[in-house]
Amino acid sequence: MVPEPRPLPGPRWLLPSALTAEAGPDRTGRSGRPRRTVRDWIVDFGCFLLAVVIGLLAADTVSGDPNIPPGLAVADQWLGALACAAVWLRRRWPLALAVAMVPVGLLSNTASGAGMVVLFTLAVHRPFPYVGWVAGATLSLVPFFFWLRPDPDLPYAAAVALTVLVTVSVIGWGMFVRSKRQLLLSLRDRARRAETEAELRAEQAQRLARESIAREMHDVLAHRLTLLSVHAGALEFRPDAPREEVARAAGVIRESAHEALQDLREIIGVLRANEGGDASGRPQPTLSALDALVRESRDAGMKVHLDHRVGDPAGVPASVGRTAYRIAQEGLTNARKHAPGAEVSVSVAGAPGDGLTVRVSNPAPVGPVPAVPGSGQGLIGLTERASLAGGRLDHGGREDGGFEVRAWLPWS
């Protein structure tokens with residue numbers, strides 16, 4: 001996913017084109033170069049005007065210098081005029097123009113203003129290695145220039161030092177402007193990356209929530225549908241059962257179907273809910289609902305022995321209690337599927353600091369076991385759930401042919 005360009009602060013016409021071009025392709029011309037903003041036109045005109053003013057002052061000095069022949073003075077002024085006109089090209093070819101100004105600055109005193117503007121532009125738009133080479137060549141020619149054309153008002157050393165100081169100041173100012181622009185662009189990119197990462201984190205959280213909902217769907221519906229399958233199978237295999245048992249089995253089937261439909265509606269409501277919303281009508285069961293789960297299984301005809309040794313089930317953290325409830329629920333579901341008629345033992349014990357232990361076991365089934373459809377992923381989901389809660393889960397067969405599920409969950 002490519003993030004949208006983040007808008008730069010302030011009106012675009014007050015920003016240089018080098019920054020507005022980063023805001024989108026609509027800010028570039030047909031040639032691919034950034035379009036000049038109002039600020040660019042004002043700055044370009046100001047630079048041109050500055051170059052012209054400095055050039056006129058230098059031309060007046062050249063014209064009044066008796067040591068310069070008239071022909072050389074005219075050539076100096078023509079080169080200065082061309083250099084001032086070339087200032088308008090400084091954004092398009094900053095490096096080429098700066099290189100061309102090195103010999104022009106040696107031949108023409110009138111082009112000194114344009115040369116400073118071009119050096120400033122090079123420092124703004126190009127990295128330091130290019131600026132260093134051009135500036136080094138320019139500064140190395142300063143002593144030679146004043147040796148050929150001594151300043152009539154300043155001593156040789158003072159003229160060289162002043163020119164070097166002005167040149168270095170112009171280059172330093174341009175590099176400072178470049179660093180400010182790069183800082184602004186880096187902050188903009190950092191903000192854009194932060195927004196992208198926040199969107200990715202939100203998408204990941206939504207995906208994890210949907211996976212959690214899917215696990216809840218499996219745990220809840222598997223329990224309900226197993227009741228339907230067992231009692232429907234009992235009616236199929238015992239068509240001559242007493243009317244009371246048939247009526248009770250039909251009542252359990254009806255109640256389980258109603259509960260399964262209600263749970264499915266809640267899950268679909270959660271999936272359709274807006275971000276930040278909660279369409280679930282009932283809170284998720286915790287350890288306090290374990291007694292109701294066992295009672296429901298007994299009403300369905302199971303033999304369940306519950307050993308509940310947690311004094312205050314409401315004091316168990318919600319996430320831990322919910323995981324323990326799902327483990328017990330899945331254990332009862334598996335026992336109902338694979339060991340019908342066997343007595344199932346459910347034990348829960350623990351205390352803060354020691355953790356919570358959940359164990360569901362059943363002996364070997366008596367007689368043949370009817371085939372009951374199932375996904376086979378329940379224990380895998382329980383292992384993942386316990387691991388996410390910081391605990392562990394083990395399961396396997398016993399020596400007597402039975403099956404046992406053991407889990408430990410942290411309780412801090």
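I count two rings of Phe, Tyr or Trp (the six-membered ring for Trp) as a pair if their centres lie within 6.5 Å; planes under 30 degrees apart are stacked, over 60 edge-to-face, and the rest tilted.

**Entry: ground rules.** I am working on a predicted model, where local features need pLDDT of at least 70, side-chain atom pairs count only at pLDDT 80 or more, and totals for chains, interfaces and linings use all residues. Residues are numbered from 1 along each chain as its sequence is written, and side-chain values use heavy atoms, with hydrogens and water left out.

**Entry: the whole chain.** I looked up the secondary structure and found eleven helices and five strands. Helices (H or I, at least four residues) and strands (E, at least two) are DSSP runs, numbered from the N terminus. I then looked up burial: 34% of the 412 residues count as buried. Buried means under 20% relative accessible area, exposed over 50%, partly exposed in between (1.4 Å probe, protein chains only). The accessible surface is about 23500 Å², and 62% of that belongs to carbon and sulfur atoms. These areas come from the Shrake-Rupley method with a 1.4 Å probe; for residues, only the protein chains shown count as cover. Next came contacts, meaning heavy atoms within 4.5 Å. Among contacts with a separation of 6 or more, 68% join residues 24 or more positions apart.

**Entry: aromatic rings.** How many aromatic pairs does the structure hold? I found four. One of them joins phenylalanine 48 and tryptophan 88; it is tilted, at 5.6 Å centre to centre and 40° between the planes. The pair links distant parts of the chain: phenylalanine 48 lies in helix α2 (residues 38–63), tryptophan 88 in the loop between α3 and α4, 40 residues apart. Phenylalanine 48 is partly exposed at 23% relative accessible area. Tryptophan 88 is partly exposed too, at 27%.

Phenylalanine 120 and tryptophan 173 form another tilted pair, 4.8 Å centre to centre with 45° between the planes. This pair also links distant parts of the chain: phenylalanine 120 is in helix α5, tryptophan 173 in helix α7 (residues 156–237), 53 residues apart. Tryptophan 173 is exposed, at 54%.

I also noted a cluster: ring pairs link Trp41, Phe48 and Trp88.

**Entry: a charge over a ring.** The charged end of arginine 92 sits over the ring of tryptophan 93, 5.5 Å from its centre. The test asks for NZ of Lys or CZ of Arg within 6 Å of the ring centre and within 35 degrees of the ring normal.

**Entry: helix α4.** Helix α4 covers residues 94–107, 14 residues in total. Its first and last C-alpha atoms are 20 Å apart, close to the 20 Å expected at 1.5 Å a residue. The expected span is 1.5 Å times one less than the number of residues. Where is the kink? It lies at methionine 101, about 30°, shortly before proline 103. The bend is the angle between axes fitted to the seven residues ending at a residue and the seven starting there. The buried residues of α4 are Pro94, Leu97, Ala98, Met101, Val102 and Val104. They pack against α3 (70–86), α5 (112–125) and α6 (128–148).

**Entry: helix α10.** I checked α10 (residues 318–338) as well: its end C-alpha atoms are 30 Å apart, which agrees with the 30 Å that its 21 residues should span. This helix is mostly covered, with 17 of the 21 residues buried.

**Entry: serine 347.** Serine 347 is in strand β2 (residues 343–351). Serine 347 is buried, at 15% relative accessible area. Leaving out residues up to four places away in sequence, serine 347 touches Asp307, Thr357, Val358 and Arg359.
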